[in-house]
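Here is a short briefing for a first look at this structure. Please view the sequence and the model before reading on.

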Amino acid sequence: MAPREIITLPDKRLRLKSEPVKRIDASIRKLVDDLFETMYDAPGIGLAAIQIGVAKRIVTMDLSRKEEEHKPQVFINPEVIWTSEEKSKYEEGCLSIPDFYEEVERPAQVKVKYLDLEGHEHEIEASGLLATCLQHEIDHTNGVLFIDYISKLKRDRIIKKFAKAAKKVEA
Ligand code: NI
């Protein structure tokens with residue numbers, strides 16, 4: 001296991017649509033280990049494989065509180081199959097858009113279909129933080145970022161800021 005580098009805006013790979021996992025083999029298990037390591041190291045509560053530059057539909061998550069034991073969860077080929085009419089708002093952030101937080105409105109409840117590490121199919125109904133987090137991470141597998149839901153003015157401002165910072169690093 002080794003923490004990997006998290007890619008950030010304006011890296012174009014964040015806009016890629018990730019490929020489904022066809023076979024869960026040793027390389028996929030190794031990738032999942034690296035995702036957890038990277039997520040805990042950051043630290044963050046959720047990470048999609050594309051955030052370490054791997055365009056596969058894999059998401060790791062741990063919503064346990066600091067004082068609790070780790071509760072690692074992995075979702076392979078996750079897919080939202082139902083969303084509630086009811087909405088809820090959370091202040092979201094993203095390891096690929098460091099130090100930027102903004103309130104985002106999303107469906108309050110979702111049903112998600114996914115595979116576990118053994119390849120077994122599961123369906124869960126989520127609400128609260130889990131529902132938001134699942135939608136945020138599944139968005140990553142489709143090349144969608146949480147800033148896509150905020151006002152164009154704010155989005156343009158944050159994209160510009162990151163583009164500028166990246167240029168400075170290059171120079
Ligand atoms: Ni994110």
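The buried residues of α1 are I28, L31, V32, D34, L35, F36, T38 and M39. Buried means under 20% relative accessible area, exposed over 50%, and partly exposed in between, with a 1.4 Å probe and protein chains only. Helices (H or I, at least four residues) and strands (E, at least two) are DSSP runs, numbered from the N terminus.

This is a predicted model: local features need pLDDT of at least 70, side-chain atom pairs count only at pLDDT 80 or more, and totals for chains, interfaces and linings use all residues. Residues are numbered from 1 along each chain as its sequence is written, and side-chain values use heavy atoms, with hydrogens and water left out.

- Helix α1 has 16 residues and reaches 22 Å from its first C-alpha to its last. That is close to the 22 Å expected at 1.5 Å a residue. The expected span of a helix is 1.5 Å times one less than its number of residues.
- The buried residues of α1 pack against β1, β2 and β3. Contact means heavy atoms within 4.5 Å.
- The largest nonpolar core has 16 residues, and L35 and I58 have the most contacts inside it. Such a core is a set of buried Ala, Val, Leu, Ile, Met, Phe, Trp, Tyr and Cys residues joined through side-chain atoms within 4.5 Å.
- α1 (26–41) and β3 (73–83) each supply at least two residues of this core. The largest share, six residues, comes from α1.
- L35 touches L47, A48, A49, I52, I58 and T60, not counting residues up to four places away in sequence.
- In soluble globular proteins, nonpolar side chains tend to be buried together.

- Strand β1 (residues 46–48) pairs with β2 in the antiparallel sense over three bridges. Two strands pair if DSSP finds at least two bridges between them.
- In this pairing, L47 stands opposite T60 of β2.
- β2 also pairs with β3, in the antiparallel sense and over four bridges. Here M61 stands opposite Q73 in β3.
- Both faces of β2 are covered. I58 and T60 are buried on one side, V59 and M61 on the other.

**S64, between β2 and β3**

- S64 sits in the loop between β2 (58–61) and β3. S64 counts as buried, at 16% relative accessibility.
- S64 touches E69, H70 and K71, leaving out residues up to four places away in sequence.
- The side chains of S64 and D62 are joined by a polar contact of 2.7 Å. A polar contact is a pair of N or O atoms within 3.5 Å; within protein, one must be able to donate a hydrogen and the other to accept it, and residues adjacent in sequence count only if both atoms are side-chain atoms.
- A polar atom of the S64 side chain also lies 3.3 Å from the backbone oxygen of E69.

**The nickel site**

- The protein donors of the nickel ion are C94 (SG), H136 (NE2) and H140 (NE2), lying 2.1 to 2.3 Å from it. Donors are N, O and S atoms within 2.8 Å of the metal (3.2 Å for Na, K and Ca); water is not among the atoms, so sites may look incomplete.
- The donor residues are spaced C-x41-H-x3-H in sequence. C94 lies in strand β4 (residues 87–94) and H136 in helix α2 (residues 128–141), so the pair ties together parts that are 42 residues apart in sequence.
- C94 is buried, with a relative accessible area of 10%. H136 is buried at 8%, and H140 is buried at 1%.
- H140 is found in helix α2. Leaving aside neighbours within four places in sequence, H140 is in contact with L16, A48, I50, Q51, C94 and L145.

- Helix α2 is mostly covered, with eleven of its 14 residues buried.
- The 14 residues of α2 should span 20 Å at 1.5 Å a residue, and its end C-alpha atoms are 21 Å apart, which agrees.
- G143 follows α2 and has a positive phi, near 75 degrees.
- I150 is in the loop between α2 and α3 (152–170). I150 is buried, with a relative accessible area of 9%.
- Not counting residues up to four places away in sequence, I150 touches F100, E102, E103, V104 and R155.
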